[in-house]
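Hi,

Here is the structure I promised to pass along.

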Amino acid sequence: GTPISFTCTFDSQWTAATHPIDYPSNAHWSPMFMASHNKDYSMWDSGAKATAGVQSVAETGSLSTLRSEVAQAGDSIGSSTSVSGALFLSNDSTTDFTESLEMDEDHSLITSISMIAPSPDWFTGFYDFSPVEDGMWLSSFSIETYAWDAGTDSGITYSSSNQATSPKDNIFQLTPESLPSSKVFLSPDELTVKPVARWSCIMKKEVNNAEEFYSRTKICIMSIFVSLFMLS
């Protein structure tokens, strides 16, 4: 299918006002990562075991192992994009992806991830999202995402020392029912866990190849005509 591309932005919604318990003074996000892919690839999923790459992002923020997993997935991946560095919330709450995310009909799903930092193994993102409605690409979309636990570290506060979970738990969303005893992330009214981030993407408008060929041919013919006119 014809490739399309999205330019994407990450907005943090993780604040001391919305998530007051134990909110860290050095709150930040690891470099966000997104990939387009087909149904044969799964970066992470609710109820699945974290891969080494997802564990590395959730515990340390490092993308190197995850990038290797994406590369090994070969043709199952359309493209990937990331943010150039960590987002420190004392400085800013919004950041843009460095490159656009390319997609086509064979790679119509998107998955994203970023570490909630500091934390034992908490992250946010979405998985297997298809920006398609009624057979058409969405011109834009925005997704609010929540806190998730990678199931790889049993720490209960943002700054807990390493406590490897053995064997690994499945990945699970942090809800009022699944929160650790510290109740970290609980809303001020103690009823919900509010979203921690919003991912927004807008489709890039691109001239299709036929139109581009036509306009280039037209310019070429015009320039030949002008050259002949000058010579005569």
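Predicted model: local features only at pLDDT ≥ 70, side-chain atom pairs only at ≥ 80, totals over all residues.

Residues are numbered from 1 along each chain as its sequence is written, and side-chain values use heavy atoms, with hydrogens and water left out.

**The chain as a whole**

The secondary structure comes to three helices and 15 strands. Those are DSSP runs numbered from the N terminus: helices are H or I with at least four residues, strands are E with at least two. Of the 232 residues, 43% count as buried. Buried means under 20% relative accessible area, exposed means over 50%, and partly exposed is in between (1.4 Å probe, protein chains only). The chain exposes about 12000 Å², and carbon and sulfur atoms supply 54% of that; the areas come from the Shrake-Rupley method with a 1.4 Å probe, and for residues only the protein chains shown count as cover. Among contacts (heavy atoms within 4.5 Å) between residues at least 6 apart in sequence, 72% join residues at least 24 apart.

**Strand 8 and its partners**

Strand 8 covers residues 109–117, and nine of its nine residues are buried, so the rest of the structure largely encloses it. Which strands does strand 8 pair with in the antiparallel sense? Strand 2 is one of them, over two bridges, with His28 having Ala117 as its bridge partner. Strand 3 (residues 33–37) also runs antiparallel to strand 8, and five bridges join them; there, Met34 stands opposite Ser112. Strand 9 (residues 122–124) pairs with strand 8 over two bridges, again antiparallel, and Met115 stands opposite Phe123. A hairpin of four residues takes the chain from strand 8 to strand 9. "Pair" here means that DSSP finds at least two bridges between the two strands.

**The nonpolar cores**

The largest nonpolar core has 34 residues, and those with the most contacts inside it are Trp14, Trp29, Met34, Ile116 and Phe185. Strand 1, strand 7 (101–103), strand 8, strand 12 and strand 15 (197–203) each supply at least two residues of this core. Apart from it lies another core, of 20 residues, including Met43, Ala50, Val57 and Ala117. By nonpolar core I mean a set of buried Ala, Val, Leu, Ile, Met, Phe, Trp, Tyr and Cys residues joined through side-chain atoms within 4.5 Å.

**Aromatic pairs**

How many aromatic pairs does a search of the whole structure find? The count is 17. Rings of Phe, Tyr and Trp (its six-membered ring) pair if their centres lie within 6.5 Å; planes under 30 degrees apart count as stacked, over 60 as edge-to-face and the rest as tilted.

One of them is Phe6 with Phe141, an edge-to-face pair at 5.3 Å centre to centre with 75° between the planes. This pair links distant parts of the chain, since Phe6 is in strand 1 (residues 4–12) and Phe141 is in strand 12 (residues 140–145), 135 residues apart. Phe6 is buried at 0% relative accessible area, and Phe141 is buried at 8%.

Trp14 and Tyr158 have ring centres 5.6 Å apart and planes at 40°, so this pair is tilted. Trp14 sits in the loop between strand 1 and strand 2 (28–29), Tyr158 in the loop between strand 13 (148–149) and strand 14 (172–173), and 144 residues separate them. Trp14 counts as buried at 1% relative accessibility, as does Tyr158 at 2%.

**Two polar residues**

His19 is in the loop between strand 1 and strand 2 and counts as buried at 0% relative accessibility. A polar contact of 2.7 Å joins the side chains of His19 and Thr18. Such a contact is a pair of N or O atoms within 3.5 Å; within protein, one must be able to donate a hydrogen and the other to accept it, and residues adjacent in sequence count only if both atoms are side-chain atoms. Not counting residues up to four places away in sequence, His19 touches several residues, among them Trp14, Phe185 and Val196.

Ser82 is in strand 4 (residues 77–82) and is buried at 11% relative accessibility. The side chain of Ser82 makes a polar contact of 3.0 Å with the side chain of Arg67.

Cheers
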